[in-house]
Amino acid sequence: MTRLTLVRRIAARPAIVFEALTTPEGLAHWWGPDDGPVLIAETDVRVGGRFRVRFRMRDGSEHESSGAYLEVRSPERLVMSWNWLCGEEDPNESRVEIDLRAVPGGTELTLTHSALFSEETRRSHEEGWSGALDKLMRYFAK
């Protein structure tokens with residue numbers, strides 16, 4: 001199975017980070033790999049509820065992902081299915097797991113994206129998630 005795991009330290013308590021991961025207002029601050037805007041952010045944070053996020057990159061391209069929440073344990077764990085609207089990025093449904101753990105000075109976030117289509121899509125998602133998580137870190141570093 002093709003997967004990636006990223007770990008970041010964020011200067012905020014797990015409950016505050018969880019809110020940034022699950023509310024439209026929170027997602028608007030960090031979603032997407034570069035500084036382009038979030039155009040749509042919809043969340044229904046409960047098992048079986050759905051999310052949808054559309055963002056524009058600096059190059060003008062737009063990308064939209066959606067999925068269902070499979071596990072919601074505030075403020076420590078979020079698991080969701082993942083699909084790209086057009087499928088060019090990855091034709092598979094994949095799975096995103098985010099674990100939050102309180103550490104001195106904030107939260108350790110571990111993101112695992114699994115069931116990716118190929119090594120190429122794994123690399124692309126790693127780049128995308130790295131950019132987004134770096135934005136999340138900068139947002140809370142202010």
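**Notebook: surface, fold and aromatic rings**

I began with the accessible surface of the protein chain, which comes to about 7100 Å², with 49% of it belonging to carbon and sulfur atoms. The areas come from the Shrake-Rupley method with a 1.4 Å probe, and for residues only the protein chains shown count as cover.

I note that this is a predicted model, in which local features need pLDDT of at least 70 and side-chain atom pairs count only at pLDDT 80 or more, while totals for chains, interfaces and linings use all residues. Residues are numbered from 1 along each chain as its sequence is written, and side-chain values use heavy atoms, with hydrogens and water left out.

**Fold**

I looked up the secondary structure and found three helices and seven strands, in the order β-α-α-β-β-β-β-β-β-α along the sequence. Helices (H or I, at least four residues) and strands (E, at least two) are DSSP runs, numbered from the N terminus. The C-alpha trace spans about 40 × 30 × 30 Å along its principal axes.

I then checked burial: 49% of the 142 residues are buried. Buried means under 20% relative accessible area, exposed over 50%, and partly exposed in between (1.4 Å probe, protein chains only). Of the contacts (heavy atoms within 4.5 Å) with a separation of 6 or more, 49% join residues 24 or more positions apart.

**Ala-15**

I located Ala-15 in helix α1 (residues 14-22). Ala-15 is partly exposed, at a relative accessible area of 41%. From Ala-15 to Phe-51 I read 36 residues in sequence and 19 Å in space, C-alpha to C-alpha.

**Aromatic rings**

I searched the whole structure for aromatic pairs, and the search gives ten. Rings of Phe, Tyr and Trp (its six-membered ring) pair if their centres lie within 6.5 Å; planes under 30 degrees apart count as stacked, over 60 as edge-to-face and the rest as tilted.

For Trp-31 and Phe-51, the ring centres are 6.5 Å apart and the planes stand at 55°, so I record the pair as tilted. Trp-31 lies in the loop between α2 (24-30) and β2 (38-43) and Phe-51 in strand β3 (residues 50-56), so the pair ties together parts 20 residues apart in sequence. Both Trp-31 and Phe-51 are buried.

I next looked up Trp-82 and Trp-129, a tilted pair with 5.2 Å centre to centre and 55° between the planes. Trp-82 belongs to strand β5 (residues 77-84) and Trp-129 to helix α3 (residues 119-141), so this pair ties together parts 47 residues apart in sequence. Trp-82 is buried at 3% relative accessibility, and Trp-129 is buried at 5%.

I close with the cluster that ring pairs form from Trp-30, Trp-31, Phe-51, Phe-55, Tyr-69, Trp-82, Trp-84 and Trp-129.
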